[in-house]
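Please keep the sequence and the structure open beside them as you go.

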Amino acid sequence: MISLDQQPSVLLTEEFPLVGMDFSDVLEQAGYRVLRPAVMATEALSLLKRETPTLAVLGIELTGSSCAELVNVLRQRGVPFLVHSGCCRDRPLADGLQDVPWISKPAPPGDVVSVLDVLSMAAAPVHQNAATAISARQSE
């Protein structure tokens with residue numbers, strides 16, 4: 001059993017609370033520790049004041065706010081992230097996100113987990129225990 005401090009942590013933002021809760025369950029079953037699904041960028045920024053996650057999944061059409069500041073904080077801290085959104089990549093809302101993995105909604109949750117696994121392994125020098133945990137889960 002992996003202890004909580006060894007699990008890779010994920011900041012999850014999702015504009016629909018029920019979808020966020022379901023997605024959180026999927027990520028936890030895949031071996032990730034989710035920092036509560038956030039429906040607003042301000043809520044996610046508040047979570048980042050307490051902890052820097054290993055990874056992040058961003059829905060960029062958050063309730064009542066833009067995620068530009070959130071993206072900047074994640075980049076400054078070196079947190080790998082992917083976008084999981086119904087927004088098209090060519091819309092102004094997606095400016096500055098052309099260099100990150102993008103999964104269009106609707107998508108099977110397993111697709112997001114697979115990309116997170118790859119991002120986690122890419123961050124392995126920083127989070128060696130997290131990558132080892134993911135590798136063990138994938139070989140099961």
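1. Before looking at how the helices pass one another, one term is needed: a crossing is called left-handed if the near helix is turned anticlockwise from the far one by less than a right angle, and right-handed if it is turned clockwise. Please also bear in mind that the model is predicted.

2. As for the overall layout, the protein chain contains five helices and five strands, and these follow one another along the sequence in the pattern β-α-β-α-β-α-β-β-α-α. Of its 140 residues, 45% count as buried. Among contacts between residues at least 6 apart in sequence, 60% join residues that are at least 24 apart.

3. The pair H2 (residues 41–50) and H3 (residues 68–77) can be taken next, with an angle of about 25° between them and axes lying 9 Å apart. Angles under 35 degrees count as roughly parallel, which means that H2 is described as roughly parallel to H3. The crossing in which H2 passes H3 is left-handed. On the H2 side the contact is made by Ala 44, Leu 45 and Leu 48, while H3 contributes Glu 69, Leu 70, Val 73, Leu 74 and Arg 77. Sorted by class, this contact has six nonpolar residues, two charged ones and no polar ones.

4. How does the pair H1 (residues 17–29) and H4 (residues 109–122) pack? Their angle is about 50°, and their axes are 10 Å apart, so H1 and H4 are oblique to each other. The crossing of H1 and H4 is right-handed. Phe 23, Val 26 and Leu 27 of H1 meet Pro 109, Val 112, Val 113 and Leu 116 of H4, and by class this contact has seven nonpolar residues, with no polar and no charged ones.

5. Phe 81 deserves a separate look: leaving aside residues up to four places away in sequence, Phe 81 touches Ala 56, Leu 58, Val 71, Leu 74, Arg 75, Leu 97, Val 100, Pro 101 and Leu 119.

Definitions and conventions:
Residues numbered from 1 in each chain as written. Predicted model: local features only at pLDDT ≥ 70, side-chain atom pairs only at ≥ 80, totals over all residues. Heavy atoms only, no water. Axes fitted to C-alpha atoms, helices over the stretch in contact; angles between N-to-C directions. Helix = DSSP H or I, 4+ residues; strand = E, 2+ residues; numbered from the N terminus. Parallel < 35°, antiparallel > 145°, perpendicular 65-115°, else oblique. Contact = heavy atoms within 4.5 Å. Nonpolar A, V, L, I, M, F, W, Y, C, P; charged D, E, K, R; others polar. Buried < 20%, exposed > 50% of the residue type's maximum accessible area, 1.4 Å probe, protein only.
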